[in-house]
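Work through the exercises below with the coordinates open. Try each task before reading its solution.

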Amino acid sequence: MKAVVFVGTRSVAVEDVPDAVLEKPEDVVVRISSSAICGTDLHMYDGRTGATPGLVLGHEPLGVVEQAGSAVEMVKPGDRVVIPTHVYCGVCVNCARGLSAACLRVRPGGFGAAYGYAGMGPYRGAQAELLRVPFADANCIPVPGEPGDDREDDLVLLADAFVTGWHATELAQVAAGATVAVFGAGTVGLLAAYSSLLKGAAEVYVVDEVPERLDKAGEMGAVPVDYRLADPVEQIRELRRAGGLAPGEAAMSGVQAGIDAVGFQSHDRLEPGAENPAQVIGDLARLVNPTGHLGIIGVYAEKDRHPAPEGHADGRLTVPWATFFSKGVSVRFGRTHDRRYTVLLRDLVLSGRARPSVVVTHHGRLDDAPGLFRAFDQRVDGVIKAVLRP
Ligand SMILES: NC(=O)c1ccc[n+]([C@@H]2O[C@H](COP(=O)([O-])OP(=O)(O)OC[C@H]3O[C@@H](n4cnc5c(N)ncnc54)[C@H](O)[C@@H]3O)[C@@H](O)[C@H]2O)c1
Ligand SMILES: [Zn+2]
Ligand SMILES: [Zn+2]
């Protein structure tokens with residue numbers, strides 16, 4: 001089968017690799033109809049995570065079951081399924097509590113796993129013609145319709161991006177009436193803003209520097225904030241004051257919920273071209289109101305092969321804990337718990353209440369992957385979300 005493989009820093013290739021096959025009775029093999037490229041792939045593409053050459057990339061698949069192992073009961077060949085990024089068994093103690101990103105049975109000697117990701121278990125990636133899905137009864141989310149129909153792009157975003165955006169709003173406790181600031185207007189940040197609006201947030205600000213991404217935030221009903229123009233924290237406070245704060249609430253001119261959808265490769269605002277892994281958490285510490293909440297879904301890598309000057313190879317950061325303490329801000333991190341959210345969000349899509357495909361800007365075949373990775377990484381050609389259709 002053809003697959004997108006990591007070759008080396010800023011290099012991927014489309015190669016022939018052995019077909020995905022059934023390895024255990026609980027497996028299925030899925031023929032991929034769509035497989036998206038994610039900001040998480042860029043951490044590997046940029047040579048930061050120690051991915052080994054030959055790794056098949058990709059963790060955002062939608063497709064049709066082609067073969068099912070003898071123990072699989074919930075799906076059969078011909079069923080259209082979306083496959084969540086984070087592999088889980090469905091029955092261990094963490095899965096039973098809905099905390100499937102910490103599944104105890106999918107990674108020998110560890111917890112949690114994902115397709116096509118360095119250090120996240122033995123599962124090959126999904127930017128390929130075929131994918132082996134373990135624990136298929138748990139990991140195949142059935143969806144109606146046919147490959148290539150008008151929901152294809154909405155459904156593929158259920159594999160990771162929409163679910164992660166929603167998870168961010170859960171970590172940051174976004175509820176009706178909330179004021180929200182999302183740092184990062186990639187797909188994940190945009191869909192965190194979109195999820196906030198679905199939940200009835202009163203005001204949603206989205207901070208970034210890439211014009212097309214800021215425009216997209218505005219199209220969705222959020223307020224774009226370009227951090228190249230001025231300190232984004234002051235810009236948001238000024239916009240909130242201009243909108244009219246209630247009397248006696250001057251100390252609440254920040255936001256109740258802050259979301260970090262950038263992660264350890266965040267740009268240093270004062271030094272264009274440089275990274276500062278503590279930039280976004282530091283800005284959010286200043287911006288979140290007393291008693292507010294911070295949700296961090298941008299990745300912070302435990303092993304960074306080329307740390308920025310402000311960073312450490314083992315992921316240690318200097319962040320203003322005292323500010324969080326004095327404000328009484330909750331800070332929550334982590335990977336999304338697909339088992340908890342995917343079906344709920346699928347039904348929002350199927351009912352027509354959610355159209356996450358609004359963020360998809362590019363499509364290609366597997367052969368287009370090298371060019372799409374390059375453009376996505378360099379933030380050119382307006383790439384926000386690219387979907388490969390093998
Ligand atoms: N927790 C999870 O389960 C999970 C799942 C998927 C993705 N992620 C992570 O979420 C993050 C975002 O993913 P994506 O696909 O949207 O990535 P992306 O690379 O498309 O977007 C990142 C955005 O952050 C912006 N940015 C950089 N520095 C900034 C700063 N200082 N302030 C504000 N914005 C800044 C960039 O301009 C870019 O638009 C990545 O770290 C990814 O690995 C986590
Ligand atoms: Zn992803
Ligand atoms: Zn489990």
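The C-alpha centres of domain 1 and domain 2 lie 26 Å apart. The model is predicted.

**Exercise 1. Describe the contact between domain 1 and domain 2.**

Solution. 
- Domain 1 covers 2-160 + 336-388, and domain 2 covers 162-333.
- Count both sides. Domain 1 brings 25 residues into contact with 24 residues of domain 2.
- Find the elements on the domain 1 side. α1 and α11 (338-350) each supply at least two residues there.
- Pick the top contributor. α11 gives the most, with 4 residues.
- Sort by class. The side of domain 1 that touches domain 2 holds 10 nonpolar, 10 polar and 5 charged residues.

**Exercise 2. Characterise the shell around ligand 1.**

Solution. 
- Count the shell. Ligand 1 is surrounded by 33 residues.
- Name the closest: G39, T40, G184, G186 and G263.
- Two or more residues come from each of α1 (39-45), α6 (187-198), β11 (203-208) and α9 (279-287).
- α1 has the largest share, 4 residues.
- Sort by class. The shell has 13 nonpolar, 14 polar and 6 charged residues.
- Check the domains. Domain 1 and domain 2 each provide at least three residues of this shell.

**Exercise 3. Is G116 buried or exposed, and what does G116 touch?**

Solution. 
- G116 sits in the loop between β7 (113-114) and β8 (130-133).
- Apply the cut-off. A residue is buried if 20 or more other C-beta atoms lie within 10 Å of its own.
- Compare. G116 has 30 other C-beta atoms within 10 Å, so G116 is buried.
- List the contacts, leaving aside neighbours within four places in sequence. They are L55, V56, L57, G58, H59, R124, G125 and A126.
- G116 and L348 are 232 residues apart in sequence and 28 Å apart in space, C-alpha to C-alpha.

**Exercise 4. Examine the phi angles and surroundings of R10 and Q173.**

Solution. 
- Recall the background. Most residues other than glycine have a negative phi.
- Take R10. Its phi is near 55 degrees, a positive value. R10 lies in the loop between β1 (2-8) and β2 (11-16).
- Take Q173. Its phi is positive, about 55 degrees, and Q173 is not a glycine. Q173 lies in the loop between α5 (161-171) and β10 (179-183).
- Classify R10. With 14 other C-beta atoms within 10 Å, R10 is partly exposed.
- Classify Q173. With 15 other C-beta atoms within 10 Å, Q173 is partly exposed.

**Exercise 5. Relate the annotated span 24-144 to the model.**

Solution. 
- Read the record. An unreviewed UniProt entry places "domain: Alcohol dehydrogenase-like N-terminal" at residues 24-144.
- Take the end-to-end distance. The end C-alpha atoms of this span lie 26 Å apart.

Note on methods. Residues are numbered from 1 along each chain as its sequence is written. Chains are lettered from A and ligands numbered from 1 in the order in which they are written. This is a predicted model: local features need pLDDT of at least 70, side-chain atom pairs count only at pLDDT 80 or more; totals for chains, interfaces and linings use all residues. UniProt positions are given in the numbering used here, feature names are shortened, and annotations may be inferred rather than shown by experiment. A residue is near a molecule or strand if its C-beta atom, placed from the backbone, lies within 6 Å of it. Ala, Val, Leu, Ile, Met, Phe, Trp, Tyr, Cys and Pro count as nonpolar, Asp, Glu, Lys and Arg as charged, and the others, Gly among them, as polar. Domain bounds come from an automatic or database domain assignment. Two residues are in contact if their C-beta atoms, placed from the backbone, lie within 7 Å. A residue is buried if 20 or more other C-beta atoms lie within 10 Å of its own, exposed if 12 or fewer, and partly exposed in between; C-beta atoms are placed from the backbone.
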